[in-house]
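Q: Hi! I'm new to this one, could you walk me through it?
A: Happy to, let's have a look together.

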Amino acid sequence: MSSIQQETPTLSLGRSKTTRTSKTWSKGNMLPVSEDEVLDTSELKGSQVAPLEYSEISGGWVRRAKTSVQNRSGNLMRSLTRKLTTYRPISGEDRDFRPAKFDRARALREEEQKALDEGYVGVDLDMFSGFSSAIPTRTAEAMRNNRGNTEYAYTATGEIVDLSTLHGLGGSYDDPDDETGTRRNSFALTRSSTGNGQSEKSYYFPPDPETPNWKPATMRPIYLSILMFLSLCIIGFCEYLYQYSVSKAEQLNGIPHLTRFKAVKDMPLGAFALWKYFPTVIAVIFGVLVQVTDAEVKRVEPYFQLSRKPKGARAADSLNIEYLTFWAILCPLQAIRHKHWAVMISSVAAILSFAAVPPLQSVFLDLKPDVKGGSNSDSEVKWIAVDKVWTRLLEVVMFLIFILIGVLQWILHRRKSGLVGDPSGIAGIAAMANKSHILMDFKGLDMAGTEQIHKQLRKRTYILHKSSLWQAEYLKEHERPTETVKKQNAHPLLLRLEGGIPLIIYLLTMMAFIALAIHWEKLNTPLQKSTTTWLLTAISISIKMFWEVIDRDLRILQPFYLLYKRHAHSDVLTLDYTGTVPAWIIWKTFKNKHYLLTFVCTITVFNEVLTVCMGSLDPSNTEEEETPLSTTLSLVLAELIMGAQVVGIIIVLLLRRKPFLPRQPGTISSVLAYIYASHMLTDFNNMETEPTEKRRKILASKGKSYGFGWFKGLVDGKWHLGIDEEELARGYTHGEDFLGAMLQTVPTGLDQYETAFNMPS
């Protein structure tokens, strides 16, 4: 920190004058400016001076070199930026002659690009924010000596591994090395990783100043800001209604109210709709908007965990994690256990938005006097009141959602996803994995269950670097996760008879209960003692939660079902319905002729209508609060939607109840275990940075079809079960012992078996 008080020249186009300034400078706080601002600046005043510094030694203004380093890690990154900074004096020729500006700008760009090409200089990577613990000393020294070059990985012994030598599975075995002239084997590192000692080697990756940061539209600041604005609007609207009702108290003997009437049928249609339907409709729409963001946060979270430098993340926290089909109420607990704070926050916000807000919206407007406690006639005056307690509770919940979304936006702003684009479908995962030796960690997991995959991958961490998945640190025994993973059924519960039939019974029971509650006086009597509107809304939300599990399961399984049917078009590899907006997916599935999923997703949308209809019904007082037409309409719609759900579950059980995969494919690791030995991996060479649409076109141009079944591996020539290009040796039948049946065809001896089926030991 130094203080400058002297006559200094002020830069301006076409003139030069002297002005006396007194300014305290902080070198670390200066900001980069463009070349035009450096060479052709208006009068330097206040903040206009801040990007520049007057050098007493050179007698001229100097500026900081531009870098692509992002200030994401506090004081250390500011220190890093200062170490990368170079200062250049601006000569009188630069100030006085405009043509010289262009030469100077070109020189600046060339020097700055050279600085970026050289990488980090003198960086203490051990202190870099985000490191869970200090990396080995030799690793840090190797990184410093190599100037943090991100094209290399670094081992614990200081060895530098050139990532560019991995050509991927699509590389030619005969491609010569550019420098040595030797032949490169694209599987050299893959094979060596399975040898003695090599499998326990740790790899560390330097921070990448060009880490990609693609995020879905619903995770971007503008969308989250809209959600926060809507939260405040709902709070303001509820408070306005309450204050307005208080202001009208003098018109009804000091009783706060919004409007008064003698019979519901005398109310204007618009006023009736605003009372009975509008609050719930707003709550439902808001809940859907929040849920869309929640789904995307859960989908992207594993990739963010993998992109953390220098060690990446444990498989249990990344490759093996899956939130989309997890029971929504329990997601926050699972996120807390894994320290996935963005998922925890988005899950809580989503639960409050779809499970708490609609019931509160349906009861904060109430009919007075309390007709449930005694008889009333059409001659008595009734009024709609804003319940103070429910209103305040609703405002508190909405403000909590506002805070949660604000915190989520702050978290997402501070971190990068590590993705260059949407990791859609099987192709997105295959493109990330076809270059690295991570695939050999999945050896023997073709038919493994979830618990076996967790056990095999617990030995090291994994990282997403340069849009590719890599092995990272090898964990010591005490560093490995110790939690046990329960054995998972190969098929989702609600798609099986033991889950689907109880859900059908529950829906039929609710259909009968609601119909009887509306029309049977004996059932109305006990209901008069409860808040029936709140209860019915809660029932509709529980039905919605069950149905969304079915919806999510079918979305995830659809591409794999098409592969199971064999000879699927290449588009199946980029097909991904998990991140699609609920309404848009109806058209998308219909266009792709996936009619079962179209029907299921249509019911998902109508479940929001079910919540509105159930929230408008009041079995204890239908005549006082609704017209016969509105009661009939709400009841019929609710019964039709629940009836459609029953039909939908029956169809799903008929068409999808049988397992067609050895395990559920919801996690990244599950998909990798299906493709690690596939010939089709060569189709994804150099695709890791390509957008989904370009991947789709490249795959389509190859003219191949794909399926799920048995094939001989690309590297080892052994039999594998998974996804590969056609023709496969045989399709998959759940429960069939294919390898055992093949073994029985061999007369005797292991050698004969290997010879007959070309299976090297």
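Q: How many helices and strands does the protein have?
A: There are 25 helices and 18 strands in the protein. Keep in mind that this is a predicted model.

Q: Thanks! What share of the residues is buried?
A: Buried residues account for 52% of the 761 in the protein.

Q: What about contacts, how many join residues at least 24 apart?
A: Taking contacts between residues at least 6 apart in sequence, 70% of them join residues at least 24 apart.

Q: Over how many bridges do strand 13 and strand 14 pair?
A: Five bridges, in the antiparallel sense, with strand 13 covering residues 460–465. As a landmark, look for His 465, which stands opposite Ser 468 in strand 14.

Q: What holds strands together in general?
A: Strands of a sheet pair through backbone hydrogen bonds, and the pairing can be parallel or antiparallel.

Q: New topic: how do strand 16 and strand 17 pair?
A: They pair in the antiparallel sense over seven bridges, and strand 16 spans residues 705–712. Phe 711 stands opposite His 720 in strand 17. The two strands form a hairpin with six residues between them, and in the turn Gly 717 has a positive phi of about 70°.

Q: Why is strand 17 described as largely enclosed?
A: Because seven of the seven residues of strand 17 (residues 719–725) are buried, the strand is largely enclosed by the rest of the structure.

Q: Is Arg 656 buried or exposed?
A: Arg 656 is buried, yet has no salt bridge. The nearest side chain of opposite charge belongs to Asp 553, 11 Å away.

Q: So which residues does Arg 656 touch?
A: Leaving out residues up to four places away in sequence, Arg 656 touches His 491, Leu 495, Leu 554, Gln 558, Tyr 561 and Leu 596.

Key:
Residues numbered from 1 in each chain as written. Predicted model: local features only at pLDDT ≥ 70, side-chain atom pairs only at ≥ 80, totals over all residues. Heavy atoms only, no water. Pairing = 2+ DSSP bridges. Helix = DSSP H or I, 4+ residues; strand = E, 2+ residues; numbered from the N terminus. Buried < 20%, exposed > 50% of the residue type's maximum accessible area, 1.4 Å probe, protein only. Lys, Arg positive; Asp, Glu negative; His and termini not counted. Salt bridge = Lys/Arg side-chain N within 4 Å of Asp/Glu carboxyl O. Contact = heavy atoms within 4.5 Å.
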